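Dear colleague,

Please find the structure below.

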There are 2 protein chains.
Amino acid sequence: MLNIRPATDSDRNTIWEIFHEVIAAGDTYPIDSEMSRDGALAYWFGNGTHTYVAELDRLKRSSFQTDQHVVGTYILRPNQSGGGAHVANAAFMVPAVARGQGIGRAMGEHCLKEARRLGFRAMQFNFVVSTNESAVKLWQKLGMKIVATLPGAFRHPEKGYVDVYVMFQLFARA
Amino acid sequence: MLNIRPATDSDRNTIWEIFHEVIAAGDTYPIDSEMSRDGALAYWFGNGTHTYVAELDRLKRSSFQTDQHVVGTYILRPNQSGGGAHVANAAFMVPAVARGQGIGRAMGEHCLKEARRLGFRAMQFNFVVSTNESAVKLWQKLGMKIVATLPGAFRHPEKGYVDVYVMFQLFARA
């Protein structure tokens, strides 16, 4: 069972572990791979940022009971301030060991619902690396459209300069 | 004579005056119109941000000599960190009283030259409000292309929700 909930202070260690793993790989986010724990958590728990975690039941070997462990995290926030604050932005992280189980998809659906609930009129992803094909496909399934291709805007650690997509979705008005 | 040079601490008051005027109008930047002086200067003089001013000769009435006064300011910085740090971003401000004299154009040309000199491979403007037609035309003349239209991504104080352009230019390699 996957449960998605707002993050609390007690999630900070796990979030940093996930964040650090994703950033150290350096193939999906335009963030310095050596960003510090403090810097990372200041970013992920920034002012005006809604922070969520996805947790999965885990069977305890000793007792045949379950506890929860965090297998993903995402943030949702205004993409801009002032006259641009009605468009949301989001970022998602799932550790390698938890991929391929639909956690990204569940967080994406949760995020779009939350964005609507919070009154945003649209969602924009500013920087989807084109070689991150599973993410691109997933966002398209969730209604995000590629509205721009930024040529060579990301320097991939193995593939060199690769294109980046801007993705956007205007929410239908209720 | 227009001279463009790196900003110094002694320009901070003038920059704040220009910044505040532009932001208070609220029709071109997705920034809270009530951003404080400290917030504004922290943004305009941020880490990794190159800050410039354009100054114009002004005839002193009393002595028939000239002094300089600042008539515009711009910033140049990486648009992203890590694998995205080779793409530059810039923002420009000219106070209303100084518009229509080619100051924006001169700063734009200076900025693109500086970006190349600093080793950036491309320039990206993330948020050009479509109703800011003189800016859109100017950037196009300087080689920037509209790569995305973000529908209704800016709430204009008089015109309501208007489109926003993402503009991009890949620099020719020397």
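Two residues are in contact if their C-beta atoms, placed from the backbone, lie within 7 Å. Helices (H or I, at least four residues) and strands (E, at least two) are DSSP runs, numbered from the N terminus. This is a predicted model, in which local features need pLDDT of at least 70 and side-chain atom pairs count only at pLDDT 80 or more, while totals for chains, interfaces and linings use all residues. Residues are numbered from 1 along each chain as its sequence is written, and chains are lettered from A and ligands numbered from 1 in the order in which they are written.

Helix 1 of chain B

A residue is buried if 20 or more other C-beta atoms lie within 10 Å of its own, exposed if 12 or fewer, and partly exposed in between. In helix 1 of chain B, the buried residues are Ile15(B), Ile18(B), Phe19(B) and Val22(B). Viewed down the helix axis, these residues fall within an arc of 100° (taken from the directions from the axis to the C-beta atoms), so they line one face of the helix. They pack against helix 2, strand 2, strand 3 (66–78) and strand 4 (87–93) of chain B. On the other side of helix 1, Asn13(B) and Ala24(B) are exposed. Just after this helix, Gly26(B) takes a positive phi of about 70°.

Strands of chain B

Two strands pair if DSSP finds at least two bridges between them. Strand 1 (residues 2–6) and strand 2 of chain B run antiparallel and are joined by five bridges; Ile4(B) has Ala54(B) in strand 2 as its bridge partner. Strand 2 and strand 3 of chain B also run antiparallel, with 10 bridges between them. These two strands form a hairpin with six residues between them, and Phe64(B) in the turn has a positive phi of about 60°.

Thr49(B) lies in the loop between helix 2 (37–44) and strand 2 (50–59) of chain B. It counts as partly exposed because it has 16 C-beta neighbours inside 10 Å. Beyond its neighbours within four places in sequence, Thr49(B) is in contact with Ile75(B) and Arg77(B).

Contact between the chains

How many residues of chain B are in contact with chain A? There are 29, and they meet 29 residues of chain A. Strand 5 (122–129), strand 6 (145–156) and strand 7 (160–170) of chain B each supply at least two residues of this side. Strand 6 gives the most, with nine residues.

Yours sincerely
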